[in-house]
Amino acid sequence: MTGSSSTNPDDLRISAYLDGTMLAGEVQDFEFELARNPALAEALLRWQANDRLMQQAFDAPMHEAVDQDMLVRFGLDDAPAVSNVVDLSAARTKRQAALLSRKAWRWPAVGALAASIAALVVVTNPFQRDGSFDPDSSASFQTAMQDLPSGSVRRLEDGRTIGLTLSVSAGNGRYCREFSLSGATPQIGIACRSGSRWSVEALVNGAADRRATDEIQTAAGADQAALDPVYARLMASDPIDAGQEKRLISSRWNK
Amino acid sequence: MSIKGASPAISDVRAQIVALLPRLRRFCMAIAGGADAGDDLAQATIERALSRIDQWEEGTRLDSWMYRIAQNIRIDQARSAKVRGIQVDVEALASVQGDDGRSILEARSDLAAAQSAMAALPEDQRVLVALVVLDGQSYKEAAETLSIPVGTVMSRLARARRAIDNHVHGAVA
């Protein structure tokens with residue numbers, strides 16, 4: 001049972017795609033086939049949902065405080081307890097300072113994109129579901145968020161391209177990444193990693209999409225300042241530098 | 001296992017184990033089949049790790065070393081009890097957010113199906129799902145943790161996902 005001779009080749013490919021282990025050329029070929037093979041695409045989505053279900057089913061220990069009682073239970077009571085209480089005032093102060101210096105660390109390419117966007121921030125439900133594309137369940141979106149360094153671009157299933165802008169650490173310890181989506185309605189957004197999945201926290205839509213949503217929206221300027229309230233809510237750190245980001249990608253965003 | 005360099009200070013290691021504790025508990029819960037059995041396994045793993053800390057090579061990954069210990073204990077337990085399957089503790093499932101009682105029950109049912117699917121996997125596949133799908137390890141890291149080739153990781157994971165899909169949805173394809 002150590003070889004792959006008894007394993008269905010499609011199963012191997014779906015699994016490798018979900019785990020982001022395909023080479024760029026393989027990803028392109030596989031996505032080309034996905035677009036033409038509904039059964040394969042259906043299996044991919046089902047397996048992706050199974051992974052999420054599995055993560056939820058075993059997620060409880062990740063949310064329990066490591067307090068003194070727990071340390072005693074595991075024979076670690078002479079080790080220092082890990083506080084899961086965040087000093088909000090300190091974090092907010094740090095975040096405010098980061099916001100003030102925000103323009104200094106923006107990627108030039110994003111500035112160019114931003115100039116073309118009359119932005120709307122979807123405040124309530126961050127993702128506008130128009131039925132055509134759902135980043136949360138898109139394997140190529142997940143792979144891009146997981147594997148691409150900032151400044152890189154990759155094509156998604158629906159033909160649009162995603163560009164990774166920067167990475168930050170949120171106040172609750174999660175890692176978050178800002179991205180841009182090409183298309184008739186360019187979008188920029190932020191996704192954060194929970195478990196081993198990336199979930200979209202916010203999207204900023206182009207003006208052409210005003211008709212498409214009836215959710216609460218806040219007019220924003222024609223730049224990334226539209227995402228500032230989201231960064232503030234996340235209590236995001238300064239952008240992670242390229243070296244650390246590379247290490248995080250290598251470690252699959254595990255600390 | 002070869003030992004290189006000086007033994008790490010026990011207090012440093014304890015602190016690292018505390019930081020690792022949530023992930024270790026999740027890993028143990030996944031391979032042992034329930035929250036209580038998982039915590040028992042995590043406890044045994046920590047006890048064994050601390051008693052053999054001189055075998056851990058400082059600078060290498062503590063999580064991989066401890067996962068390996070947990071897996072070995074689990075295999076020993078399964079052999080000695082001649083366990084062919086594991087019990088799923090549905091009541092011990094994580095609390096699930098829902099709009100009403102029905103959605104909570106449905107979510108519980110889904111999560112129970114996921115736990116049941118995990119429990120039905122062979123040990124060698126279950127540990128890989130725990131390492132890669134739950135813990136987010138790369139194939140290379142999982143291969144190193146288990147001392148198996150990357151190709152074996154790939155094939156076992158693919159078979160595990162096929163089995164999980166069949167268990168949760170029935171044999172679709």
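**The interface and its salt bridges**

Mentor: Buried residues make up 49% of the 255 residues in chain A; buried means under 20% relative accessible area, exposed over 50% and partly exposed in between, with a 1.4 Å probe and protein chains only. This is a predicted model, in which local features need pLDDT of at least 70, side-chain atom pairs count only at pLDDT 80 or more, and totals for chains, interfaces and linings use all residues. Residues are numbered from 1 along each chain as its sequence is written, chains are lettered from A and ligands numbered from 1 in the order in which they are written, and side-chain values use heavy atoms, with hydrogens and water left out.

Now the interface. Chain B brings 49 residues to the contact and chain A brings 45; contact means heavy atoms within 4.5 Å. Together the two chains bury about 4300 Å², 62% of it on carbon and sulfur atoms. Buried area is the accessible area (1.4 Å probe) that two parts lose on being put together, summed over both. On the chain B side, Val18(B), Arg25(B) and Arg161(B) lose the most area to chain A, together 15% of what that side buries.

Polar pairing comes next. Between chain B and chain A, 19 residue pairs are in polar contact, both residues at pLDDT 80 or more. A polar contact is a pair of N or O atoms within 3.5 Å; within protein, one must be able to donate a hydrogen and the other to accept it, and residues adjacent in sequence count only if both atoms are side-chain atoms. Helix 7 of chain B gives the most to the side of chain B that touches chain A, with 13 residues. Helices here are DSSP runs of H or I, at least four residues, numbered from the N terminus.

Side chains of opposite charge can pair when their charged atoms come close. The rule for a salt bridge is a side-chain nitrogen of Lys or Arg within 4 Å of a carboxyl oxygen of Asp or Glu. It finds 6 salt bridges across the interface of chain B and chain A. In one of them, Asp51(A) meets Arg161(B) at 2.8 Å, N to O. Over all chains, the count comes to 20. Another pair is Arg73(A) with Asp39(B), at 2.5 Å, N to O. Arg73(A) lies in helix 4 (residues 68-73) of chain A and Asp39(B) in helix 2 of chain B, so this pair joins two chains. Arg73(A) is partly exposed at 40% relative accessibility. Asp39(B) is buried at 13%.

Other bridges stay inside chain B. Arg61(B) pairs with Glu141(B), their closest N and O atoms being 2.9 Å apart. Arg61(B) sits in the loop between helix 2 and helix 3 (62-81), and Glu141(B) in helix 6, 80 residues apart. Arg61(B) is partly exposed, at 34%, whereas Glu141(B) is buried, at 12%. Arg156(B) and Asp124(B) meet at 3.6 Å, N to O. Arg156(B) belongs to helix 7 and Asp124(B) to helix 5, so the bridge ties together parts that are 32 residues apart in sequence. Arg156(B) is buried, with a relative accessible area of 12%. Asp124(B) is partly exposed, at 23%. Shared partners also link Arg23(B), Arg26(B), Arg61(B), Asp63(B), Asp135(B) and Glu141(B) into one salt-bridge network.
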